[in-house]
Amino acid sequence: MCIRDRWYQRRVHGEKVYRLFASEMKPWTQSKTYGEFYSIEAIYPKEKLTPTLEMNGLLKGEDLSQVNVILHILFQVPALTDFLRKLSRVEGDVLTEFVRLLKSTKNPENALLLKRLMERGFAAFKGTRKPDAYICLQELLETIHASLNHAPRPTQALPKDEADYSRWAVIQKGKDASIIYDIFAGHLARDTICQACGSRYRSFEVCFGITLPIPPTPRTFEKAHSMEEMLRNQLGETVVEQYPCARCRRPCRAVQKKTLLKHPNVLMIHYQRFDMTAKRKREDPIINKTSYLELSGVNYNLFAVVLHIGDFNNGEFHAFVKPLHKGWFLCNNERISAVEDVPKDFANYYILFYTRA
């Protein structure tokens, strides 16, 4: 039997749906159920793209797609790039190579050395599985922050459970002070009420982005999940079955509500499309992205999108970016092409980047 004749079936809303394995599908194939593409050429054929020299490309060699998309997007954050270009002294191997790539005029540039440095200490590269772009992004931001953080050692420890947010924020600011936290970090409050004794607990944490779980019920190609609805569900009230209540001294059922107290200048929204325990990709329902987002009275504009195309082990990452006062560009490693817009209803969205209006 030919490898492309191998089929498997599953049930969606009671109906059998036949679909090829993702790694075996032809480049132009599209899933009729979820609208997921398995190749960037299926969305934008090469003959319909116009290469541009307005942005520098990054070489594809040795599976650098997850590193390349991160660099393509971070290089379009003016507050970060302007700060790093003016640095007279750079500390840390990762930050040094990052700044070198930022200042380089070579097109295309090679980010292999940066990947090698990331492989040494990043947890995302440990093991045999392919590293995840979102985890790499989080660890890269933390590493750059550690190199730029020259805040003095705080005289008092951060409280684990503290009702006074202003006091917590002052201590946190004295502990972590860098351009990375100023741009990407937000403050999240968790208000928890124990259903057994009625005790109330409030805690705060620093968050780099918001992770949205994929809704468990798949939908058909014609219907799309609303990103605003998913955000409301994530930041709204949720039930925690095994909350360790200090007063009851046992796990209890509790109601927890999340509130974003400090809005970051660059908001990252991550779709949890991977089941890391089972090492597989979740079902891909279509998600309706929005170019303008209002979150707790703060307006954001979309300026970058990361796509994941393919299955868990053999997929690739691609990026759409919109530089300041310019149009959209498709970043396919060393190939940079101008496009009209990002697809509105899409099943390959992985990370969306918004900047404050």
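**Helix packing.** I started with helix α4 (residues 93-103) and helix α6 (residues 133-148), which pack at an angle of about 105 degrees with their axes 9 Å apart. The axes are lines fitted to C-alpha atoms, for helices over the stretch in contact, and angles run from 0 to 180 degrees between N-to-C directions. I note that α4 and α6 are therefore roughly perpendicular to each other. The cut-offs are under 35 degrees for roughly parallel, over 145 for roughly antiparallel, 65 to 115 for roughly perpendicular, and oblique for the rest. Helices (H or I, at least four residues) and strands (E, at least two) are DSSP runs, numbered from the N terminus.

Which residues of α4 and α6 meet? From α4 I list V94, L95 and F98; from α6 I list L140, T143, I144, S147 and L148. Contact means heavy atoms within 4.5 Å. By class, the contact of α4 with α6 has six nonpolar, two polar and no charged residues. Here Ala, Val, Leu, Ile, Met, Phe, Trp, Tyr, Cys and Pro count as nonpolar, Asp, Glu, Lys and Arg as charged, and the others, Gly among them, as polar.

**Source notes.** The model is predicted: local features need pLDDT of at least 70, side-chain atom pairs count only at pLDDT 80 or more, and totals for chains, interfaces and linings use all residues. Residues are numbered from 1 along each chain as its sequence is written, and side-chain values use heavy atoms, with hydrogens and water left out.

**Backbone.** Most residues other than glycine have a negative phi, and most peptide bonds are trans. I looked for departures. The peptide bond from N107 to P108 is cis, with omega near 0 degrees. P108 sits in the loop between α4 and α5 (112-121).

R249 has a positive phi, near 60 degrees, and is not a glycine. I place R249 in the loop between β8 (237-245) and β9 (250-262). R249 is exposed, at a relative accessible area of 77%. Buried means under 20% relative accessible area, exposed over 50%, and partly exposed in between (1.4 Å probe, protein chains only).

S296 also shows a positive phi, near 55 degrees. S296 is in the loop between β14 (292-295) and β15 (298-309). Is S296 buried or exposed? At 57% relative accessibility, I log S296 as exposed.

**Aromatic pairs.** I count eight aromatic pairs in the structure. Rings of Phe, Tyr and Trp (its six-membered ring) pair if their centres lie within 6.5 Å; planes under 30 degrees apart are stacked, over 60 edge-to-face, and the rest tilted. F303 and F353 form an edge-to-face pair, 6.2 Å centre to centre with 65 degrees between the planes. F303 lies in strand β15 and F353 in strand β20 (residues 349-356), so this pair ties together parts 50 residues apart in sequence. Both F303 and F353 are buried.

The rings of F317 and Y350 have centres 5.8 Å apart and planes at 40 degrees, so I call the pair tilted. F317 is in strand β16 (residues 316-321) and Y350 in strand β20, 33 residues apart. F317 is buried at 3% relative accessibility, and Y350 is buried at 1%. I also found one aromatic cluster formed by Y165, W168 and F204.

**Cysteines.** How many disulfides are there? Taking a disulfide as a pair of cysteine sulfur atoms within 2.5 Å, I count zero. The closest cysteine sulfur to that of C248 is in C197, 3.5 Å away, too far for a bond. C248 is partly exposed at 22% relative accessibility. C331 is buried at 2%.
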